[in-house]
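The exercises below are meant to be worked through with the structure in view. Try each task before reading its solution.

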Amino acid sequence: MKNICILGSTGSVGKSVLEVIDNLKSKFQVFALSCDKNIQILSQQIEQFKPKYVCITDPVAAKKFDSENKYNGTLLIGTDGLKTLASHPEVDILLNSLVGTIGLHSTILAIKNKKRVAIANKETLVAYGKIIMQEVSKNNATLLPVDSEHSAIHQCLAKSNSPVRRIILTASGGPFLHKSITPDITPEETLKHPVWKMGKKITIDSATLMNKGLEVIEASVLFDIPASKIEVVIHPQSIIHSAVEFIDGSIIAQLSSPDMKLPIQYALTYPERYTASIKSLDFEKIKELNFEKPDFEKFPCLRLAYESAEIGGTMPCVLNSANEVAVQSFLIHKIRITQIPEIVGKVMKKHSETTNTLQFIKNPSLSQIEKAEEWAKGEAKNVINNYKCCNSF
Ligand code: MG
């Protein structure tokens with residue numbers, strides 16, 4: 001029986017993780033859960049899975065939870081609580097499905113404590129990927145991606161040492177694939193994703209294709225391959241989750257019905273596979289699989305992500321941090337969707353200028369990346385504040 005700690009259990013991935021565990025009760029048990037504010041869902045999850053520990057990162061929500069609930073286990077509060085869980089001797093697997101870079105230190109602690117880390121927290125990998133992967137090899141730890149594309153690539157590579165010609169990273173294309181992106185598009189319209197039902201941040205990122213850009217960086221880090229060898233292909237049906245082309249021209253792809261429970265289960269059970277409730281693909285019903293090139297003019301976020309991957313160092317962190325701020329501002333109607341790439345591009349440009357207060361660093365330490373993150377978030381807020389008027393809609 002393996003003990004699992006789920007960071008971010010009330011989010012969309014976290015809920016799917018619990019469904020997977022519920023289906024594999026004889027193999028896995030929930031040891032700890034964490035959420036930020038969503039104590040209502042957390043309470044339901046506690047009732048069903050009876051974890052020994054819970055951590056609530058928002059102190060106000062934690063207080064409310066404590067006064068309203070008779071929880072028998074241990075309640076931890078704040079990001080220190082996440083760290084306690086990540087290094088807890090009874091935890092075998094840490095599943096990090098937090099949004100943003102808040103999960104960084106718990107990920108590193110879990111790696112140092114030689115736990116299996118299943119990572120759905122792509123922002124952490126984008127900004128701090130090199131450092132995380134260094135820790136993984138230093139500690140001989142196991143880190144498995146939960147992101148469907150990266151799980152697919154992991155499955156295609158399957159311990160092969162054969163040289164890779166390129167990675168084909170598929171993208172559904174999001175809600176604006178065949179629609180123009182105009183400034184009047186609201187966050188509400190953008191949140192309607194055609195294939196995947198996900199959290200708000202990632203759904204907006206999918207619409208701007210920043211999500212795919214972040215995934216290019218993520219793949220580059222996880223599989224130690226330059227971004228120039230990673231090709232994004234739009235594939236609206238989301239049946240092929242990604243593919244690997246080896247140097248002899250042979251392409252191995254991973255296919256399945258689009259269901260997050262599959263990459264989650266793979267990350268928990270690898271190298272073994274267990275029965276799952278994922279629907280079988282009916283090839284006769286599929287009829288066609290379509291592919292097209294992404295439009296880099298229409299989706300400047302994807303271009304910016306490639307640029308940042310090529311530059312490396314602190315730049316992917318700057319791209320990611322500026323994007324986090326821009327997306328949050330878009331969600332509260334403070335900026336327009338077309339301003340997201342504008343903001344990210346401006347902050348990246350400033351970071352590359354030699355006169356800038358916080359200079360670009362090619363081989364940064366963890367604390368230097370943290371400084372770059374803070375700087376980029378502040379810069380993005382400055383850019384947004386400079387838009388002055390007439391943005392509310
Ligand atoms: Mg993905």
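**Exercise 1.** Does Phe-296 count as buried, exposed or partly exposed, and at what relative accessibility?

*Solution.* The model is a predicted one. Phe-296 has a relative accessibility of 34%, and since buried means under 20% and exposed over 50%, with partly exposed in between, Phe-296 counts as partly exposed.

**Exercise 2.** Classify the ring pair of Phe-31 and Tyr-53, and then that of Phe-296 and Tyr-306.

*Solution.* A search of the whole structure finds four aromatic pairs. In one of them, the ring centres of Phe-31 and Tyr-53 lie 5.4 Å apart with the planes at 35 degrees, so this pair is tilted. Phe-31 belongs to strand β2 (residues 28-35) and Tyr-53 to strand β3 (residues 53-56), 22 residues apart, and both Phe-31 and Tyr-53 are buried. For Phe-296 and Tyr-306, the centres are 5.9 Å apart and the planes stand at 55 degrees, so this pair is tilted. Phe-296 sits in the loop between α12 (283-286) and α13 (300-311), while Tyr-306 is in helix α13, ten residues apart. Tyr-306, with a relative accessible area of 15%, is buried.

**Exercise 3.** Which residues coordinate the magnesium ion, and where in the chain do Asp-147 and Glu-215 lie?

*Solution.* The magnesium ion is coordinated at 2.1 to 2.2 Å by Asp-147 (OD), Glu-149 (OE) and Glu-215 (OE), and the spacing of these donor residues in sequence is D-x1-E-x65-E. Asp-147 lies in the loop between β7 (143-145) and α7 (148-157), and Glu-215 in helix α10 (residues 210-222), so the pair ties together parts 68 residues apart in sequence. Both Asp-147 and Glu-215 are buried.

Terms used: Residues numbered from 1 in each chain as written. Predicted model: local features only at pLDDT ≥ 70, side-chain atom pairs only at ≥ 80, totals over all residues. Heavy atoms only, no water. Donors = N, O, S within 2.8 Å, 3.2 Å for Na, K, Ca; no water. Helix = DSSP H or I, 4+ residues; strand = E, 2+ residues; numbered from the N terminus. Buried < 20%, exposed > 50% of the residue type's maximum accessible area, 1.4 Å probe, protein only. Phe/Tyr/Trp six-rings, centres within 6.5 Å; stacked < 30°, edge-to-face > 60°.
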